[in-house]
Amino acid sequence: MVKDNFHNIYLYENLSVNLKKAIECITQESFLKKLEAEERIDGDGYYVMLQEYNTKPENEGRWETHKRYIDIQYIVSGMEMTKYTNLLNLEEIIESDEERDFYFYRNAVREDSMVVRSGEFVIFFPEDGHKPSLHVDGELVEVKKMVVKVRV
């Protein structure tokens, strides 16, 4: 798991070929405007979605992992609390969608949390369980987030 300022995202491009392609795409000057118009952009080895939502209470969040994709979650505006843990700390898959590469878990036996603010991103690898989109200090926040799914 990586958390950093978007200005530093290029530091992580050599972790995989597909990650490099995705980072080169999303850092183009006009990319966000194009994404706002299209809402989803498919690339070679990755795809990018734009999400707009209100954060939710922690008890409404769900632990998730992905086996075939690395997640880059970039907060364009707003902020959210995200819980995270190693896959080994997650208990029992309660729902899965192999086609969409989502695996949801009942609970985590150990977890940490972080606030991800506008201008920051998080990279979650297949071994990183995460519960994103949560209220910050119990308060609802409007969020605009770019989610990049990078094939492992």
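The side chains of Glu92 and Arg106 form a salt bridge, with N and O 2.9 Å apart. Glu92 belongs to strand β7 (residues 90-97) and Arg106 to strand β8, so this pair ties together parts 14 residues apart in sequence. Keep in mind that the model is predicted. Glu92 has a relative accessible area of 48%. That value lies between the cut-offs of 20% and 50%, so Glu92 counts as partly exposed.

Why can such pairs form? Side chains of opposite charge can pair when their charged atoms come close. The count for this model comes to 14 salt bridges.

Another of them joins Glu58 and Lys83, whose closest N and O atoms are 3.6 Å apart. Glu58 sits in the loop between β3 and β4 (63-65), while Lys83 sits in strand β6 (residues 79-86), so the bridge ties together parts that are 25 residues apart in sequence. Lys83 is buried, because its relative accessible area is 12%. The pair also belongs to a network of salt bridges that links Glu58, Lys83, Glu111 and Lys131.

Arg100 pairs with Asp97 in a further salt bridge, with the closest N and O atoms 3.8 Å apart. Arg100 counts as exposed, because its relative accessibility is 53%. Asp97 is partly exposed, at 26%.

Now the largest pocket. Its volume is about 370 Å³. There are 17 lining residues, and the closest to the pocket centre are Gln51, Glu64, Phe102, Pro132 and Ser133. Which strands supply at least two lining residues each? They are β3 (46-54), β5 (69-77), β8 (102-108), β11 and β12. The strand that gives the most is β3, with four residues. By type, the lining divides into seven nonpolar, three polar and seven charged residues.

Where is Val141 placed? Val141 lies in the loop between β11 (128-134) and β12 (142-151). Buried means under 20% relative accessible area. Leaving aside residues up to four places away in sequence, Val141 touches Tyr53, Asn54, Thr55, Gly78 and Met79. Met81 is 60 residues from Val141 along the chain, and their C-alpha atoms are separated by 10.0 Å.

Technical notes: Residues are numbered from 1 along each chain as its sequence is written. This is a predicted model: local features need pLDDT of at least 70, side-chain atom pairs count only at pLDDT 80 or more; totals for chains, interfaces and linings use all residues. Side-chain values use heavy atoms; hydrogens and water are left out. Contact means heavy atoms within 4.5 Å. On a 1 Å grid over the protein atoms alone, a cavity is a set of points where a 1.4 Å probe fits but cannot get out, and a pocket is an open set with protein on both sides within 12 Å along at least five of seven lines; lining residues have an atom within 4 Å of a point. Grid points are joined across faces, edges and corners, and a volume is the space filled by probe spheres set on the points. Ala, Val, Leu, Ile, Met, Phe, Trp, Tyr, Cys and Pro count as nonpolar, Asp, Glu, Lys and Arg as charged, and the others, Gly among them, as polar. A salt bridge is a side-chain nitrogen of Lys or Arg within 4 Å of a carboxyl oxygen of Asp or Glu. Buried means under 20% relative accessible area, exposed over 50%, partly exposed in between (1.4 Å probe, protein chains only).
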